[in-house]
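This report covers a strand pair and its sheet, a helix contact and the surroundings of a ligand.

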Amino acid sequence: MRVMPSATPEAAGAPARPDAAAAAAALRLSFCGLDFASPIVLLSGCVGFGEEYTRVEGFSNRDAGAVVLKGTTGKPRLGNPPHRIYETPAGMLNAIGLQNPGVEHVVGTVLPQLDFSETRFIANVCGSTIEEYVEVTRRFDQSPIDAMEINISCPNVREGGVAFGNYPEMSAQVVAACRRATRKPLITKLSPNQTDIRENARRCIEAGTDALAVINTVMGMAIDVSTRRPVIGNVQGGLSGPAIKPIALLKVHQVYEVAGPHKVPIIGQGGIVSATDAIEFLIAGASAVGVGTALFYDPLVCRRINDGIAEYLRAQGLKNVTQLVGTLRTGRDIEDCACSG
Ligand SMILES: Cc1cc2nc3c(=O)[nH]c(=O)nc-3n(C[C@H](O)[C@H](O)[C@H](O)COP(=O)(O)O)c2cc1C
């Protein structure tokens, strides 16, 4: 995938590297009471079950504050028919369809193989019914997992997923039911494919979510003109990567308006490939930043992003990354800026 070059701190002829210990301290944060060594969160579906990239030379889970495992359902799922992924300009479409071995296998076989001293591991909870979300949440509650992310925004399954995430009332019902099933930190992952993400965020906060993940993929499609068929077996897929960054940034800004006053932290995500991208999300109101698609073409991208954020903080005279969160200077109410043409 080709990514447009941008004026990144890491490319700006960076002055002397900041002292390593000070840089590490500047990147550390507490997220829902969990100790994150970095604001970077490796995103669900892009790192398997937390072990996949550890086979890549130079990669370390320690470079991320947390790693979110692949979406997990009550029973195993085979996922969608091929093609499941397709590269697009500055992004990719995917319609994996939540292929996973089921929660029993993940808890019984996958989690025991993870090294919990490396990073925080977060489960991605999925379901077709509220009962299934609760079943999966309960099972992870009895496991060493550090936190759970409720995926009410997957666009690639017919039942559940985004069907819950598109309606604030249904989102709130899922969150409230999962809340009753665990005392571990709950993060709710919101969809950009809905009318009013602010109202949805508000309802999820009232229902007891501890944090929000903003955004999941944006629905899209591609057509093979020689066959006049959709390229993706599922017809539609979720668009990720740099193509969706401006959308994601605005959604984070909007959700921060609702979540900020309640001190509910956001994992901002969608198209982050550089330190500058990550810094934009932090300024918009994200307390942590997700990296997903970027890993497919640069598995070592986290180190570069961490270094760039640390250098930016040093240059700005900020001691810790939390001092940057929500520091956007708009001077305008977002309602005043509705027109683009
Ligand atoms: C191949 C692929 C699989 C994904 N699977 C999941 C998933 O199982 N659960 C989920 O919540 N999000 C899933 N996502 C969405 C990502 O976690 C992330 O929210 C999205 O891709 C935006 O970030 P990015 O542009 O950095 O990739 C998936 C994304 C991709 C590209």
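## Strand pair and sheet

Y86 lies opposite L93 of β6. The model is predicted, local features need pLDDT of at least 70, side-chain atom pairs count only at pLDDT 80 or more, and totals for chains, interfaces and linings use all residues. Numbering starts from 1 along each chain as its sequence is written. Strands are DSSP runs of E with at least two residues, and helices are runs of H or I with at least four, both numbered from the N terminus.

β5 and β6 (residues 91–94) run antiparallel and are joined by four bridges; two strands pair if DSSP finds at least two bridges between them. The open sheet has four strands, ordered β5-β6-β14-β11, with antiparallel pairing. β5 (85–88) and β11 (218–220) are at the edges with a single partner strand each, so one side of each has no neighbour in the sheet. From one strand to the next, the twist averages 35 degrees.

## Helix contact

α1 (residues 20–27) packs against α10 (residues 301–315) at about 95 degrees, with the axes 9 Å apart. Axes are lines fitted to C-alpha atoms, for helices over the stretch in contact, and angles run from 0 to 180 degrees between N-to-C directions. The two helices are therefore roughly perpendicular (65 to 115 degrees).

A23, A26 and L27 of α1 meet N306, I309, A310 and L313 of α10; contact requires C-beta atoms, placed from the backbone, within 7 Å.

## Ligand shell

Among the 27 residues around the ligand, G45, G71, S240, G292 and T293 come nearest; a residue is near if its C-beta atom, placed from the backbone, lies within 6 Å. β4 (66–72) and β16 (288–291) are the elements that give two or more residues to this shell.

Definitions and conventions: Parallel < 35°, antiparallel > 145°, perpendicular 65-115°, else oblique. Contact = placed C-beta atoms within 7 Å.
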